[in-house]
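Please look over the structure below with its strands and charged side chains in mind. The briefing that follows is grouped by topic.

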Amino acid sequence: MSNTDTRDPTSLRTPIVAVLGHVDHGKTSLLDKIRGSAVIEGEAGAITQHIGATAVPLDIISSIAGDLVDPDDFDLPGLLFIDTPGHHSFTTLRSRGGALADIAILVVDVNDGFQPQTLEALEILKRSQTPFIVAANKIDTVPGWNATEDAPITETYESQSDRVRSRLDESLYEIIGNLSDEDLSADLYWRVQNFQRNVGVVPVSAMTGEGVPDLLTVMMGLSQRYMKEEMEIDVAGPGVGTVLEVKEEKGFGTTIDTVLYDGTIQDDDTLVVGGQNDPIVTDVRALLQPRPLAEIRTESRFEKVESVSAATGIKVAAPDLADAMAGAPVRVVRDRPLEEVVDEVEAELADIAVDTDEQG
Ligand code: GDP
């Protein structure tokens, strides 16, 4: 299952997507829906469940999105969704100088509108200058809604009565108004020409899947148009990532679930990992990925891989990880002087500390 080897030295990596929003507005359901649709549409194994993240490749996106996506328009390989939703994880998860996520979905319940955590999430997105779109969720709860499972929004919109349509419009314009109160110019996504200047609002239902094709298409388009240069990485270079979680794992000791956003990590690499006190220098003992469900019986939940490349989620087993921290940097040393890499990690840790203080 290792996803290395066949790519050019310089390659476009998958953009990393985070999902934010107020509690109960549907972040988890939306991620589940995207994962679920991808599983149904995909050939077995085409969607890969990573550690802490889900990769949805371009061909799956285009089969979910149907006519909305022409795969020839894109050369980014797909989207990598971080599985832990919410702005707490968003603020903890950083990469050098910014947010770990390249792009975000802000989920807003159409009935509930803006709530305190919606505003908090907006502040965080603004501060980190993360491009985002708004998913106006739960459109199926508009009274009288006539659902067409997994349909694009234009199609399902057409099949609603005038009364239902105007109820939905009202809620959507309220959200657009709320965004404008926050000095963000926003509009329904199909009216947005420039996604760098305007926030696109995509009506969706995480329950029925309506609008999910549009959501994936807009995310893909936005990444392709405005983020392509940032996605250019030296795939074969020494890996760089961020710790999602530090976990005890039976048979492996302390492990770090890591999102790799640059380069490659190999099972014989030396790593420098941000620790609670000093940077930890350690040698990889094993790189672990979730084993496909069908293969789990008496075997371990994980399988060992020799190497993985960005962007991906990977569990790293190595000695001395007890002091590793969620949000801390992980860097592969490879053929560079160890001191240099330790200095880089220390500098990143200092950055994180400053930011945490600023946020109080
Ligand atoms: P989170 O706290 O933002 O992760 O929200 P959840 O995904 O846990 O959703 C909160 C509740 O809203 C759950 O009961 C979901 O089933 C429900 N829900 C989420 N999305 C939708 C939707 O699109 N339509 C409807 N009808 N219910 C939804």
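**Buried charge and its partners**

Asp-257 is buried, because its relative accessible area of 4% falls under the 20% cut-off. The model is predicted. It holds 17 salt bridges.

**Asp-257 and Lys-247**
- Asp-257 forms a salt bridge with Lys-247, and the closest N and O atoms are 3.3 Å apart.
- This pair links distant parts of the chain: Asp-257 sits in strand E14 (residues 253–262) and Lys-247 in strand E13, ten residues apart.
- Lys-247 counts as partly exposed, at 30% relative accessibility, whereas Asp-257 is buried.

**Glu-344 and Arg-331**
- A salt bridge joins Glu-344 to Arg-331, with 2.9 Å between the closest N and O atoms.
- Here too the pair links distant parts of the chain: Glu-344 belongs to helix H8 (residues 338–358) and Arg-331 to strand E22 (residues 329–332), 13 residues apart.
- Glu-344 is partly exposed at 24% relative accessibility.
- Arg-331 is buried at 7%.

- Lys-247, Glu-249, Asp-257, Arg-301 and Lys-315 form one network, joined by salt bridges that share partners.
- Side chains of opposite charge can pair when their charged atoms come close.
- Glu-249 lies in strand E13 (residues 240–249).
- Glu-249 counts as buried, at 11% relative accessibility.
- The side chains of Glu-249 and Arg-301 make a polar contact of 2.9 Å.
- Beyond its neighbours within four places in sequence, Glu-249 is in contact with Thr-255, Arg-301, Phe-302 and Lys-315.

**A pair within one helix**
- Glu-123 and Lys-126 meet through their side chains in a salt bridge of 3.8 Å, N to O.
- Both residues lie in helix H4 (residues 116–127); they are three residues apart, so about one helical turn separates them.
- Glu-123 is partly exposed at 38% relative accessibility.
- Lys-126 is also partly exposed, at 32%.

- Strand E18 (residues 286–290) and strand E21 (residues 312–317) run antiparallel and are joined by three bridges.
- Leu-288 has Lys-315 in E21 as its bridge partner.
- Lys-315 is also a member of the salt-bridge network.

**Strand E2**
- Which way do the side chains of E2 point? Ile-16, Ala-18 and Leu-20 point one way, and Val-17, Val-19 and Gly-21 the other way.
- In a regular strand the side chains alternate between the two faces of the sheet.
- E2 (residues 16–21) is mostly covered, with six of its six residues buried.
- E2 runs parallel to strand E5 (residues 78–82), and two bridges join them.
- Ile-16 has Leu-80 in E5 as its bridge partner.
- E2 also runs parallel to strand E8 (residues 103–109), with five bridges between them.
- Leu-20 stands opposite Leu-106 in E8.

Conventions. Residues numbered from 1 in each chain as written. Predicted model: local features only at pLDDT ≥ 70, side-chain atom pairs only at ≥ 80, totals over all residues. Heavy atoms only, no water. Pairing = 2+ DSSP bridges. Helix = DSSP H or I, 4+ residues; strand = E, 2+ residues; numbered from the N terminus. Buried < 20%, exposed > 50% of the residue type's maximum accessible area, 1.4 Å probe, protein only. Polar contact = N/O pair within 3.5 Å; in protein donor to acceptor, adjacent residues only side chain to side chain. Contact = heavy atoms within 4.5 Å. Salt bridge = Lys/Arg side-chain N within 4 Å of Asp/Glu carboxyl O.
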